[in-house]
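Here is a short report on a structure with the sequence alongside. Please keep both in view while reading.

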Amino acid sequence: MTQSGFTVDVDQNQYLPEGGRDVSAIVTVTSSADADGIPAAATGAPASAEVIIIDCSGSMEYPHTKIAEARAATAAAIDVVRDGVWFSVIAGTDTAWPVFPPDGSMAIANDASRAAARQAVTALQASGGTAIGQWLSLARQIFAAYPARLRHAILLTDGKNQHQTPDQLLAALRACEGVFSCDCRGVGTDWEVGELRTISTALLGTVDIVADPSGLAADFAGMMRSAMGKQVADVALRVWTPQHATIRFVKQVAPAVDDLTARRTPSGPQAGDYPTGAWGPGESRDYHVGVEVNPAGVGQEMLAARVSLVTGPPSAAEVLGQGLVRAIWTDDEALSTELNPRVAHYTGQTELAGAIQEGLDARKQGNEEVATAKLGRAVALAHQSGNEDTARLLAKVVDVVDVETGTVRLKKKVEDVDEMALDTRSTKTVRVKKTQS
Amino acid sequence: MAVCPNGHDSASEDFCEVCGMRIAVSAGNPQPAAPSSAPGIPPAGVPGTSAAGTSAAGTRAAGAGLPGTGAFPTGAMPTGGLAAGQGAPAVPATSCPRCGTARTGQFCESCGFNFTTPGSFASPPSYAPPSSTLPPFPGLQVPPTASAPGADAHVTWTAVVAADRAYYDQVRAASGSEGEAIGFPAYYAERRFRLAGTQMRIGRRSVSRGLEPEIDLTGPPVDPGISRLHAVLIAVLDSGWAVLDPGSANGTLVNGTEVRVGDQVPLHDGDRINLGAWTAITVYRG
C-alpha cells in the first residue's frame, strides 16, 4: 500500500500446518525516492535541529592529531548544515559546555553563523576527563528549548566513560530516548565499543570506529549530509496482533541488525509501537517480525499481524503505510514446509551478528573454545549469505581453515583496531531483495 | 462495521480487529452473516419454540436471550451470547473444557482454547439445520447431522499400547552410547484401554507421589524412558481427545512429530503416540 510516499511490503510463507502457531515475515519499508521538498525552514517552528558533541578530554591530545582532526571534522559538518537549520556545538569532558553559541542556545544556520561557529571551534582545547552522560544531558537541555521536528546529534569520543558509573550513563541515556537521535563515532582504539553501542542503539543512530583521525572529516560530513536528508521524523512501526497472539520479536534486519522487541510502547488495544527514528527519501529498511497465534482450523485464514508505519503524536498519529502478515492453515505439506528465502536469509544474518559478538566476548574472557566455535559459525554464515564485508573483517581476527564448515583458528595476535572494527560492524547485514515473481 | 465469523464487531472489514479471522468474503469462504446457523436459539422471549429450523436471523449479534432449558429436549445448550454464530456447522459446546468460561466464539475469551479443534465435532443435539447448502470450512470433516432430536453420535475411543520396533530403532540411533543398555522387550502383550471421563493420565504408578495413572505403563516389561506422569489424554468437546505432555523427561511424539510441552495436540483415528524408549499408543475412534 502506498500512502504518503511509504510502501510496506510483506514477504512470508503464510501457510501453516494443522496446529501450527509460528508466523514469521520480512516487512520491507521503503520511502519514495522523490523528495517532495526540503522541510520548511523559514516559517514557524524549525524543522531540523543539529548538535555536534566533541570529546575534549585530555587523551584527545595524545596524539595531537585527534583533537586537530576533530576540530576540522566539526567544521566540515558545520559546512554541510543547511540554511535555516538550528545547530549548536558542545564540548565534553567530565562535564560539558556549549561552544557555539556560547550561551547554550541554538543558532540558525547561515553563512555568518556557520563562520562564527567554525571560528569558535578552532579554540577547542583538550584537557579533562570523560563523562559522556553529562554531554548527553546538555544536548537534551539544548534540544528541549528548540522543539524542531527532526532532532539529531553527532557524538565523538576517544575513550571510555571513566568519570561516570554505568548507571549514571544509563540514567542520562534514558532521559534522552525519544528526544533526539545520535550517531556515535569512536576515534582510535581506546574507547569501549559496548558503551557507544548502548548509546547509538538507545538513540536510534549508528556507531562506527574511525581508526585514523584523518578519516573524521569525511565521516562527519557524511553523517551530517544524511541527517539533512531526513524528512519524516519520529516514525514508528505499529504492530497489531489478534487476541491471544503474542509477538515473539520485532527486529530491524537491514541495513543493520537491531532488536526492537523490548522497545514496544502500547498504542491501543492489541497494538504496540516500535521506534524507527527519522526517514529520508529513498530509504529502505527490512524488519523481521515473529508472531505466535492460536491455531485455527485447516482452511481458515487469520491476520497474524497488521504492520503500519505511523508518525506524529499518539493522539493524532498519521498512518503512512500498512502491510498484512497472514496465516492460512493447510494440510498440504508442500505449502506449509516451504521456507521463505528472505526469512531464512535474515534469520541467518541475525545469527551471524550474535555469533560475532558472543565470539568476541568469549575471546576477551579467554574462553578460546567458545570463541573458536562462535567465530567459526560466523565465518560459515558470512560465506553462505555472501556477506563479504563481514567475512573480510572476520579474516583479520581468525585464520580460516574451511569456510564451508566454519573451521577456524583464533589468531594469536589481533590488532585492537581489527577487533573493534569487527565488533562495531558485526550488525551490518547483506540485503536480499524480494525476487519478482 | 463488519461482523467476523466469530461474531465480533470489527471496524476493519478485511480481518476482524479482535480475533484476526478473515471477514472479506472470497470464494470458498462461508459468509459469516448467514442467518441459518443459529441452532437452538429461539427468538428472544419466545420459550417453547421448536428448536429445529427456526433461525434467529440477525439476533446473533444482539446476544439472543435464552429461555429456560425446559423448552428443549436435550442439554448442550449454548450459554452466554454468541455461541452459534459461526457460519460453520453449529457447535453446541457450552463452555471451555480448559477453564470453564462460557463460550462466546471460536476461541475461549479467557484462555484462548480453540473450540473448532478438528475431529471434535459431534452432531448438535436437538437441531436440524434448515439448509445444508452452507459449506463447511474446507478441510474440516462435518459429521452427518442427526435429524432426530437427542441423537448423540456415540463414539468410543480406544487406546492400544504396544511395543514399537521402528520407534525403538530410531530412539537407539539417536541416543548413542546411553541407548545401548536399553533392550527391546522380547514379548509385549498388547493392552487396550477405553478412553472415558475427562482425562486419562499416562505414566507409571508411584505410591510415594500418590500417582495412579489411568493408563499405567509400570509393566513388566518396563520402558525406562517413560516418566511417572508422562502424558495426559484430554477429552475435548463431546467426543474428541487430545494429548498433552506436561513436561516428561524424554518427550512425546504424535505420528513422529514431537509435541511441545503444554500443547494440546488433537488426535484423529489411527494416530500413533510414541513415548519412552519403545512404547507406542495408537488411538482408534470407533
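Two residues are in contact here if their C-beta atoms, placed from the backbone, lie within 7 Å. The model is predicted.

## Overall make-up

Chain A holds 11 helices and 21 strands. Of its 437 residues, 47% are buried. Take the contacts in chain A between residues at least 6 apart in sequence: 73% of them join residues at least 24 apart.

Chain B has 2 helices and 13 strands. Its length is 286 residues, and 38% of them are buried. For contacts in chain B between residues at least 6 apart in sequence, 49% link residues at least 24 apart.

## Helices H3 and H4 of chain A

Helix H3 of chain A spans residues 132-144, and helix H4 of chain A spans residues 166-176. The two pack at an angle of about 20°, with their axes 8 Å apart. Angles under 35 degrees count as roughly parallel, so H3(A) is roughly parallel to H4(A). Their crossing is left-handed.

Which residues meet in this contact? H3(A) contributes A:Ile132, A:Gly133, A:Leu136, A:Ser137 and A:Arg140. H4(A) brings A:Gln168, A:Leu169, A:Ala172, A:Leu173, A:Ala175 and A:Cys176. By class, the contact of H3(A) with H4(A) has 7 nonpolar, 3 polar and 1 charged residues.

## Helices H1 and H6 of chain A

Helix H1 (residues 65-80) and helix H6 (residues 216-228) of chain A also form a packed pair. Their angle is about 25°, and their axes are 8 Å apart. That angle makes H1(A) roughly parallel to H6(A). The crossing of H1(A) and H6(A) is right-handed.

On the H1(A) side, the contact residues are A:Glu69, A:Ala70, A:Ala72, A:Ala73, A:Thr74, A:Ala76, A:Ala77 and A:Val80. On the H6(A) side, they are A:Leu216, A:Ala217, A:Phe220, A:Ala221, A:Met224, A:Arg225 and A:Met228. The contact of H1(A) with H6(A) divides into 12 nonpolar, 1 polar and 2 charged residues.

## Helices H8 and H9 of chain A

Helix H8 of chain A covers residues 341-364, and helix H9 of chain A covers residues 368-384. They pack at an angle of about 150°, with axes 8 Å apart. Angles over 145 degrees count as roughly antiparallel, so H8(A) and H9(A) are roughly antiparallel to each other. The crossing of H8(A) and H9(A) is left-handed.

H8(A) makes the contact through A:Gly348, A:Glu351, A:Leu352, A:Ala355, A:Ile356, A:Glu358, A:Gly359, A:Ala362 and A:Arg363. H9(A) answers with A:Val370, A:Ala371, A:Lys374, A:Leu375, A:Arg377, A:Ala378, A:Leu381, A:Ala382 and A:Gln384. The contact of H8(A) with H9(A) has 10 nonpolar, 3 polar and 5 charged residues.

## Strand S18 of chain A

Is strand S18 of chain A mostly covered or mostly uncovered? S18(A) runs over residues 301-311 and is mostly covered: 9 of its 11 residues are buried.

S18(A) pairs with strand S12 (residues 232-240) of chain A in the antiparallel sense, over 6 bridges. There, A:Leu237 has A:Leu309 of S18(A) as its bridge partner. S18(A) also pairs with strand S19 (residues 318-329) of chain A. That pairing is antiparallel too, over 10 bridges. A:Val310 has A:Val319 in S19(A) as its bridge partner.

## The open sheet of chain B

In chain B, 6 strands form an open sheet. Their order is S4-S3-S13-S12-S9-S10, and the pairing is antiparallel. Which strands lie at the edges? They are S4 (191-195) and S10 (257-258) of chain B, and each pairs on one side only.

B:Val254 stands opposite B:Thr257 in S10(B).

## B:Ser10

B:Ser10 sits in strand S2 (residues 9-10) of chain B. Why is B:Ser10 classed as partly exposed? It has 19 C-beta neighbours inside 10 Å, and a residue needs 20 or more to be buried.

Leaving aside neighbours within four places in sequence, B:Ser10 is in contact with B:Ala2, B:Cys4, B:Cys16, B:Glu17, B:Val18 and B:Ile23. B:Ile23 is 13 residues from B:Ser10 along the chain, and their C-alpha atoms are separated by 9.0 Å.

Methods:
Residues are numbered from 1 along each chain as its sequence is written. Chains are lettered from A and ligands numbered from 1 in the order in which they are written. This is a predicted model: local features need pLDDT of at least 70, side-chain atom pairs count only at pLDDT 80 or more; totals for chains, interfaces and linings use all residues. A residue is buried if 20 or more other C-beta atoms lie within 10 Å of its own, exposed if 12 or fewer, and partly exposed in between; C-beta atoms are placed from the backbone. Helices (H or I, at least four residues) and strands (E, at least two) are DSSP runs, numbered from the N terminus. Two strands pair if DSSP finds at least two bridges between them. Axes are lines fitted to C-alpha atoms, for helices over the stretch in contact, and angles run from 0 to 180 degrees between N-to-C directions. Angles under 35 degrees count as roughly parallel, over 145 as roughly antiparallel, 65 to 115 as roughly perpendicular and the rest as oblique. A crossing is left-handed if the near helix is turned anticlockwise from the far one by less than a right angle, and right-handed if clockwise. Ala, Val, Leu, Ile, Met, Phe, Trp, Tyr, Cys and Pro count as nonpolar, Asp, Glu, Lys and Arg as charged, and the others, Gly among them, as polar.
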